[in-house]
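Here are my notes on the model you sent. They are set out as numbered points, to be read with the structure open.

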Amino acid sequence: MLTSLTSVKSIVFDLDGTLYTSDGIAREIHQAAVQVVAESRGISPKEGQSLLDCSRRRLGETLEEEPTLTRICMELGIEVRDLHRAFRRNVHPERYLEADPVLYALLDSLRDDFDLYIYTNNSLPLSQKILALLGVEGLFRRLFTIEFTWVPKPDLESLHKLLEEIGGQPDSFLFIGDRHQVDLKAPARLGIPTLQVNETADLLQIHKLLGIIP
């Protein structure tokens, strides 16, 4: 949802799928979740995959939207901290990511007029590693990772806390993400401008939308 953006002071980016895309990282995250589910139930990875699939369908019917992987695992009794410990052990972004000079230039040029933040369901160690690999680790005023409240997006209470800590009226924010239900739906309900991107190339729209370039 885009309204007037003349009051925007803070831009809050999602990380995974927004500032980068990687099928390899997504595959490792999914495999790590399957392994955690299998180990917690004493079953095979194939059976763990079946449990994840069943839980995804059940939650999707209940919520009437596609649930996140973290929500699915929580539904199966997996602790969020245990899930992220498995991600840190088994997800290797260094295999798939490299410095992105276009992304750096885009974000760096925004810093003259806006404070940049990350709000992600990823953990702080993995987020820091990913941002360093992309070459943009020093561009953000603060990272709001899963450790912030240990409740994954979408979560209205965590969102309110984030807004309080940054400070400002709803129209002073711009939230940018790749998943409407997860990254943008809750901010939009609070009257915050949002921008959905389907690929990282869509980030090039930001300057035009903010009136930085005609």
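**Notes on the predicted model**

1. Start in the sheet, at Val12. Its bridge partner in β2 is Tyr117. Please keep in mind throughout that this is a predicted model. The two strands involved are β1, residues 10-13, and β2, residues 115-119. They pair in the parallel sense, over four bridges.

2. Tyr117 also has a partner in β3. That partner is Arg142. Strands β2 and β3 run parallel and are joined by three bridges. Follow Tyr117 on screen and you have a link to Val12 in one direction and to Arg142 in the other.

3. Is β2 enclosed or open to the outside? Four of its five residues are buried, so the rest of the structure largely encloses β2. The cut-off for buried is under 20% relative accessible area.

4. As background, strands of a sheet pair through backbone hydrogen bonds, either parallel or antiparallel.

5. The chain as a whole. There are nine helices and five strands. Along the sequence the pattern reads β-α-α-α-α-α-β-α-β-α-β-α-β-α. Of the 214 residues, 46% count as buried.

6. Overall dimensions. The C-alpha trace spans about 55 × 35 × 25 Å along its principal axes.

7. The largest pocket. It holds about 530 Å³ of space. Its lining has 20 residues, and Asp16, Ala26, Ile29, Leu69 and Arg179 lie nearest the centre. By class, the lining has six nonpolar, nine polar and five charged residues.

8. Which helices supply this lining with at least two residues each? They are α1 (23-41), α3 (69-75) and α4 (80-90). Helix α1 gives the most, with four residues.

9. Arg88 deserves a look. It sits in helix α4. Is Arg88 buried, partly exposed or exposed? Its relative accessibility is 35%, so Arg88 counts as partly exposed. Buried would need under 20%, and exposed over 50%. Arg88 and Ile29 are 59 residues apart in sequence, yet their C-alpha atoms are 9.4 Å apart in space. Ile29 is one of the residues nearest the centre of the largest pocket.

10. Rolling a probe the size of a water molecule over the atoms shows where empty space is left. A search of the whole structure gives three cavities of 30 Å³ or more. The largest cavity has about 50 Å³ of space.

11. What lines the largest cavity? Among the lining residues are Tyr119, Lys153, Asp155, Phe175 and Asp183. Helix α8, residues 180-189, provides the largest share, four residues. By class, the lining has seven nonpolar, no polar and three charged residues.

Terms used:
Residues numbered from 1 in each chain as written. Predicted model: local features only at pLDDT ≥ 70, side-chain atom pairs only at ≥ 80, totals over all residues. Heavy atoms only, no water. 1 Å grid on protein atoms, 1.4 Å probe; cavity = no way out; pocket = protein on both sides within 12 Å on 5 of 7 lines; lining within 4 Å. Points joined across faces, edges and corners; volume = space filled by probe spheres on them. Nonpolar A, V, L, I, M, F, W, Y, C, P; charged D, E, K, R; others polar. Pairing = 2+ DSSP bridges. Buried < 20%, exposed > 50% of the residue type's maximum accessible area, 1.4 Å probe, protein only.
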